[in-house]
Amino acid sequence: MSEILRYEHVDISYNGVKVIKDVSFTVDEGEILGIVGESGSGKSTLIKAAMGLLGETGLVTRGDIWYKGKNLPDLSKAELRKLNGPELGMIFQYAGSSFCPIRTVGAQLYESMAEHESVSKEEFSRRATELLEKIGFENARRILDSYPFELSGGMQQRVGIAVAMLLNPSVLLADEPTSALDVSVQKQVVEEMLLVRKTFGTSIVLVTHNIGVIGAMADKVLVMKNGEMVEYGETQQVLNNPKEDYTRLLMSAVPKLKR
C-alpha cells in the first residue's frame, strides 16, 4: 500500500493558543487510522485542519499536512474547495443537524453532487441509489424521497456516510460518527464504514473516544492527550500491549464494541 496522507510535526493554534503540539502520523491507501482520546484532546481539530475547517481563529502554525503531494495548509480556499468532497470527505458527529428539514434527502444529496460536477437528475438518482444499496440500505429509493425528520438518528448518520461517499473521495474523515448512537446502531455504522473501505478502497481517519470502536475498525491507532501524541502504532499492538498509563486508563474506562 502507498501512503496517501501524512502529518509532519503539526502544531495548531486557536487565537494564538497552541492546542496541537508536534503531531505526526501517516495513512496508507485503504487503511483505517483511529484517533482516540478524551474530549478536548485535539482529535477533531486534527482532522478539521486537513479540510481547512478550523474557522477564522484556527491556524496550522507549524508542520505540513501532505495529501497526494499537496501541502494542504498552503492551499487557497478555492483550491481546498475543489478537494473537499471529491478527494476528502467528512462525516460529522451529528449528521442530521447538517440536513435541511424541509427538503428531501435526495434533493440535498443532488445539490451536494452538483456543486462539484455536472450531472443530470437521472444520473444522480442512479448513482445515489446504487451507493445507498452498496452501503446497506434495502430501500434506497424510499430514503432519497424521505425528509430528514422521517429518519431515525441512526439512519441519518448512515445517510451522512452516503453524503460523504457520493463523490467517491480517497480519504474519509469521520468525526465521532458513533458517539451519539446507541450500541446496536453503533454496530451498524461501524459495519457500513468497514463496507465502504472494502467496496471502494477508501482510507478512513476515525476520531472517537471509544476504544471498542477503534478495536473493531482501525489498522493503526493514535492516542491523544491535551493536544499531544501519547502512543501511536498498530492497533492490536497498542491495545494488547499499551506502553503508557493513559492508554491503559482509556481501555479500562470506555465500553468496548467487539469485532
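Predicted model: local features only at pLDDT ≥ 70, side-chain atom pairs only at ≥ 80, totals over all residues.
User: Why is the contact between the side chains of Glu130 and Arg126 called a salt bridge?

Analyst: A salt bridge is a side-chain nitrogen of Lys or Arg within 4 Å of a carboxyl oxygen of Asp or Glu. Local features here need pLDDT of at least 70 and side-chain atom pairs count only at pLDDT 80 or more, while totals for chains, interfaces and linings use all residues. Residues are numbered from 1 along each chain as its sequence is written, and side-chain values use heavy atoms, with hydrogens and water left out.

User: What separates Glu130 and Arg126 along helix H4?

Analyst: They are four residues apart in helix H4 (residues 121–134), which means a separation of about one helical turn. Helices (H or I, at least four residues) are DSSP runs, numbered from the N terminus.

User: Why is Arg126 called partly exposed?

Analyst: Buried means under 20% relative accessible area, exposed over 50%, and partly exposed in between (1.4 Å probe, protein chains only). Arg126 has 43% relative accessibility, so Arg126 counts as partly exposed. Glu130, with 37%, is also partly exposed.

User: What makes the pair Asp245 and Arg248 a salt bridge?

Analyst: Their closest N and O atoms are 2.4 Å apart, so the pair meets the definition. Asp245 and Arg248 lie three residues apart in helix H10 (residues 245–253).

User: Is Asp245 buried or exposed?

Analyst: Asp245 is exposed, because its relative accessible area is 57%. Arg248, at 38%, is partly exposed.

Technical notes:
Helix = DSSP H or I, 4+ residues; strand = E, 2+ residues; numbered from the N terminus.
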